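Hello,

Here is the structure I promised to pass on to you. Have a look at it first, and then read on for what turned up in it.

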Amino acid sequence: QVQLVESGGGLVQAGGSLRLSCALSGTFLSINAMGWYRQAPENQRELVAIIITRVGRTNYGDSVKGRFTISRDNAKNTVYLQMNMLKPEDTAVYYCYADTRLSRDNWGQGTQVTVSS
């Protein structure tokens, strides 16, 4: 009943910036958490950033702290990921994630981010 649609992925040079968007739609009542994970080839999926609404906390993966910023637009049920100072090791498929009151562990289809050296 919940759909996540990502946008904003693409190719960028090292040191550049990119902003991802993820729009949540469907029936969910309220959002418990919403954020981003990523997975590079041969790597496990890892946390990038997530907003835990219940406790008012924002968590970032260690590798992106200080470079990425997660934000949300509550009126649009949309979460954003501003990625600055991108590195080649940031290259991955980025997946939007949402945990809602009515539907747990929802995933988007993923958007490719490629950072050239």
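Serine 7 sits in strand S1, which covers residues 2–7. Please keep in mind that this is a predicted model. Is serine 7 buried, exposed or something in between? With a relative accessible area of 38%, serine 7 is partly exposed, because that value falls between the 20% limit for buried and the 50% limit for exposed.

Which residues does serine 7 touch, leaving aside those up to four places away in sequence? They are Arg19, Leu20 and Ser21. For leucine 20, the C-alpha to C-alpha distance from serine 7 is 5.7 Å, although 13 residues separate the two in sequence.

Now for the chain as a whole. Along the principal axes, the C-alpha atoms fill a box of roughly 45 × 25 × 25 Å.

Of the 117 residues, 42% are buried. If you take the contacts between residues at least 6 apart in sequence, 52% of them join residues at least 24 apart.

As for the surface, the chain exposes about 6400 Å², and 45% of that comes from carbon and sulfur atoms. There are 12 positive and 9 negative side chains, with 8 Å between the centres of the two sets.

Enjoy exploring it!

Best wishes

Key. Residues numbered from 1 in each chain as written. Predicted model: local features only at pLDDT ≥ 70, side-chain atom pairs only at ≥ 80, totals over all residues. Heavy atoms only, no water. Buried < 20%, exposed > 50% of the residue type's maximum accessible area, 1.4 Å probe, protein only. Contact = heavy atoms within 4.5 Å. Areas by Shrake-Rupley, 256 points an atom, 1.4 Å probe, with all protein chains shown as cover. Lys, Arg positive; Asp, Glu negative; His and termini not counted. Charge placed at Lys NZ, Arg CZ, Asp CG, Glu CD. Helix = DSSP H or I, 4+ residues; strand = E, 2+ residues; numbered from the N terminus.
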